[in-house]
Protein chains: 2
Amino acid sequence: MPPVGGVRLATAAAGIRYRGRTDVLFALLDEGTQVAGVLTRSRCPSAPVDWCRAKLPAGTARALVVNSANANAFTGLTGRDAVALTAALAAEAAGCSPDEVFLASTGVIGEPLDGGKFRGVLEACRARAEPTGWLEAARAIMTTDTFPKLATRTARLGGRDVVVNGIAKGSGMIAPDMATMLSFVFTDAAVAAPVLQDVLAAGADRSFNCVTVDGDTSTSDTLLAFATGRAGPRIESADHPDLPAFRAALDEVLVELAILVARDGEGARKLVTVLVEGAESDRSAHRVAMSIANSPLVKTAVAGEDANWGRVVMAVGKAGEPADRDRLAISFGDVRVAVAGARDPAYDEEKASAAMREEAVTIRVDLGLGQGQARVWTCDLTKGYVEINGDYRS
Amino acid sequence: MPPVGGVRLATAAAGIRYRGRTDVLFALLDEGTQVAGVLTRSRCPSAPVDWCRAKLPAGTARALVVNSANANAFTGLTGRDAVALTAALAAEAAGCSPDEVFLASTGVIGEPLDGGKFRGVLEACRARAEPTGWLEAARAIMTTDTFPKLATRTARLGGRDVVVNGIAKGSGMIAPDMATMLSFVFTDAAVAAPVLQDVLAAGADRSFNCVTVDGDTSTSDTLLAFATGRAGPRIESADHPDLPAFRAALDEVLVELAILVARDGEGARKLVTVLVEGAESDRSAHRVAMSIANSPLVKTAVAGEDANWGRVVMAVGKAGEPADRDRLAISFGDVRVAVAGARDPAYDEEKASAAMREEAVTIRVDLGLGQGQARVWTCDLTKGYVEINGDYRS
């Protein structure tokens with residue numbers, strides 16, 4: 001990952017819960033950095049989510065503190081105090097106002113987080129912060145993730161290259177609105193906060209909001225984008241001629257991270273892409289696709305490499321969206337298994353099974369009603385998921 | 001189970017798919033039998049569901065044919081032909097019109113069902129049909145169920161005892177609207193079809209529609225009630241003085257069957273009762289309870305006997321219903337673990353864990369907002385669920 005002008009990173013092991021690994025990311029951002037964010041729609045958000053929601057409207061950021069191992073969610077007044085203390089410590093280290101500090105926490109819910117754990121740690125981070133260290137940053141924010149998640153793109157804006165770097169962590173509690181628990185995007189482009197907010201929200205709808213692992217929505221889901229403004233033209237309105245190029249780069253980073261999150265779903269062995277077409281609208285197609293992607297019966301069939309298209313019919317039927325059984329066609333990979341409301345006359349169990357044995361499985365559904373389409377990503381549901389989540393706290 | 005006047009039963013092994021077990025139930029009903037039904041809301045219903053939906057408005061029944069092993073769903077014209085042929089064979093055997101034959105099928109979706117398999121079988125069933133054989137009936141309709149599901153009650157109507165017998169089968173694809181795949185209730189009470197329909201639909205809302213195993217809705221969910229009218233007063237309107245006693249007996253049968261279905265959820269080791277109170281309305285309470293009962297993270301925590309109340313907070317938060325984090329209280333069994341938006345000051349991990357080690361676990365949530373309440377049942381999510389469903393067709 002290339003450096004992003006105006007961004008310096010450091011990680012640390014603050015000993016919040018894990019042993020022998022880092023659990024804190026501290027990102028320092030140059031003065032003038034613009035910020036945008038998309039936050040969980042949970043009615044019971046974590047204390048850091050409340051903090052970010054309050055600070056986002058001002059649109060400027062100087063520091064980001066992320067910790068893993070403890071979500072600081074449902075921690076009552078203690079949680080609010082921990083957030084305020086962390087922001088104060090970060091502001092002191094970064095030399096800014098606490099209002100320009102953004103926070104995110106991921107891990108166990110309901111355990112008090114001791115904000116004092118960051119005392120000294122953030123100061124030491126500032127002293128050794130570097131423009132490099134993206135991989136270490138992605139590692140520090142992991143919980144049950146099995147690999148760090150990073151993506152980068154370059155866009156040519158006004159004759160200058162700008163960089164868009166992103167990191168993310170999953171991998172349970174992945175559901176629409178928001179899809180991933182935490183993701184952070186950094187760019188040296190000069191995009192004003194309101195424009196950045198619009199681009200980020202639209203990008204989230206086509207990426208993280210199209211990913212589901214278990215249909216559960218985190219109390220902590222947080223996507224933040226920081227634009228330091230160190231490169232390229234100043235983009236202050238939605239009709240700026242360079243905005244499409246920036247949007248394309250940002251969208252690609254978000255989609256790549258979202259797919260990495262689905263691929264690393266807890267216990268996942270397969271990446272599943274669900275394509276729905278022929279719906280009455282894109283919105284309807286999205287709902288049908290999510291119904292398929294969230295169905296435990298579809299996901300266990302994928303885990304068993306079973307071309308059980310009957311369960312796809314079931315998931316279409318339960319979505320509550322317009323569907324006509326007798327126009328439905330279903331394919332696994334390139335193998336059409338059902339058409340016009342019944343098994344494909346040319347159905348070949350062996351070919352269908354071969355498609356299911358791939359590491360990446362595509363389920364394609366044509367509703368045969370209209371032009372609406374959608375694409376979402378998920379993973380299979382394995383015994384590993386049950387094992388990880390039946391024994392998470394111990 | 002006592003006999004029900006006007007009902008005779010027989011089972012058979014038609015060799016549809018299974019070996020060494022029965023797969024057909026044939027119930028013969030005396031002339032004048034009234035029928036009511038609640039059917040799946042899937043947009044892709046099975047051929048037998050279409051058949052029942054068309055025949056229910058006439059309100060009379062003379063025969064019921066149920067087969068396991070093949071759902072005859074998403075089988076196109078072949079499926080419709082199979083249904084018509086089965087109804088014709090049953091009508092011939094029962095000496096009635098095909099319009100008075102009700103049908104249900106459960107098992108694999110998308111495989112053509114050969115209606116010819118019933119030829120001779122139903123005739124032979126009629127010849128040996130008896131008022132007894134309820135356990136065998138409940139066994140014949142099982143798929144992945146681990147035990148047959150039966151319930152019975154007696155009601156005193158107009159100085160005479162009437163019987164209400166019910167059988168059901170689960171145990172995957174259990175979700176609201178409808179909850180169980182198949183359930184059949186038989187009574188010798190004399191309840192006119194429109195009244196029976198109202199009582200049955202209301203009873204389903206408090207029983208099967210309060211059960212979820214995996215949130216998946218079957219293409220085949222069918223609940224039928226048959227009233228032969230051989231005992232007690234004729235109940236032809238909703239204000240009949242004996243209706244409340246009949247309703248109470250029917251409701252108890254439906255609730256008992258629904259709980260058996262939840263207890264026998266695929267791979268289940270624990271019955272989970274979710275109680276939500278303090279919601280703004282009963283409807284809101286039901287939605288919050290279903291969000292908890294459908295959450296894979298809550299269900300895996302129960303499987304792991306982990307008092308992970310943070311996941312309950314998550315599920316309350318994602319329900320989209322009014323909730324105030326700082327008024328929320330959560331208990332496992334009698335052990336309150338969280339109150340006023342944070343861990344209970346008297347929290348005792350050992351006591352909470354002991355509550356999770358019970359075979360029947362109760363999760364109680366008080367939203368602290370109003371008077372709305374709801375009760376739903378589910379089971380834990382185990383590796384067994386993944387195993388059963390990852391290898392169902394083989």
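This is a predicted model: local features need pLDDT of at least 70, side-chain atom pairs count only at pLDDT 80 or more; totals for chains, interfaces and linings use all residues.
User: OK. So what should helix H5 of chain A span, and what are its end C-alpha atoms apart?
Analyst: Helix H5 of chain A covers residues 193-206, which is 14 residues. At 1.5 Å a residue it should span 20 Å. Its end C-alpha atoms are 20 Å apart, so the two agree.

User: Which residues in H5(A) are buried?
Analyst: A:Ala193, A:Val195, A:Leu196, A:Gln197, A:Val199, A:Leu200, A:Gly203 and A:Ala204.

User: And what covers them?
Analyst: The cover includes three strands of chain A: S3 (34-39), S8 (182-191) and S9 (222-235). Helix H6 (243-263) of chain A is also part of it.

User: Switching topic. How is chain A divided?
Analyst: Into domain 1 (7-263) and domain 2 (271-390). Over C-alpha atoms, their centres are separated by 33 Å.

User: How many residues are in contact between those domains?
Analyst: 12 residues of domain 1 of chain A are in contact with 11 of domain 2 of chain A. The domain 1 side divides into seven nonpolar, four polar and one charged.

User: Now the dimer side of things. How many residues of chain A are in contact with chain B?
Analyst: 53 residues of chain A, in contact with 53 of chain B. Elements that each supply at least two residues on the chain A side include H2 (76-94), H8 (296-303) and H11 (383-390). H9(A) gives the largest share, eight residues.

User: What's the makeup of that side?
Analyst: On chain A it divides into 20 nonpolar, 20 polar and 13 charged residues.

User: Why do you say the copies meet through the same surface?
Analyst: Because 100% of the interface residues of chain A are also interface residues in chain B.

User: Last one: the core. Which residues touch the most other members?
Analyst: The largest nonpolar core has 286 residues. A:Ile292, A:Val316, B:Ile292 and B:Val316 touch the most other members.

User: What is A:Val316 in contact with, leaving aside neighbours within four places in sequence?
Analyst: In chain A: A:Val288, A:Ser291, A:Ile292, A:Ala323, A:Leu328 and A:Val365. From chain B, B:Cys44.

Definitions and conventions. Residues are numbered from 1 along each chain as its sequence is written. Chains are lettered from A and ligands numbered from 1 in the order in which they are written. Two residues are in contact if their C-beta atoms, placed from the backbone, lie within 7 Å. Helices (H or I, at least four residues) and strands (E, at least two) are DSSP runs, numbered from the N terminus. Ala, Val, Leu, Ile, Met, Phe, Trp, Tyr, Cys and Pro count as nonpolar, Asp, Glu, Lys and Arg as charged, and the others, Gly among them, as polar. The expected span of a helix is 1.5 Å times one less than its number of residues. A residue is buried if 20 or more other C-beta atoms lie within 10 Å of its own, exposed if 12 or fewer, and partly exposed in between; C-beta atoms are placed from the backbone. A nonpolar core is a set of buried Ala, Val, Leu, Ile, Met, Phe, Trp, Tyr and Cys residues joined through C-beta atoms within 7 Å. Domain bounds come from an automatic or database domain assignment.
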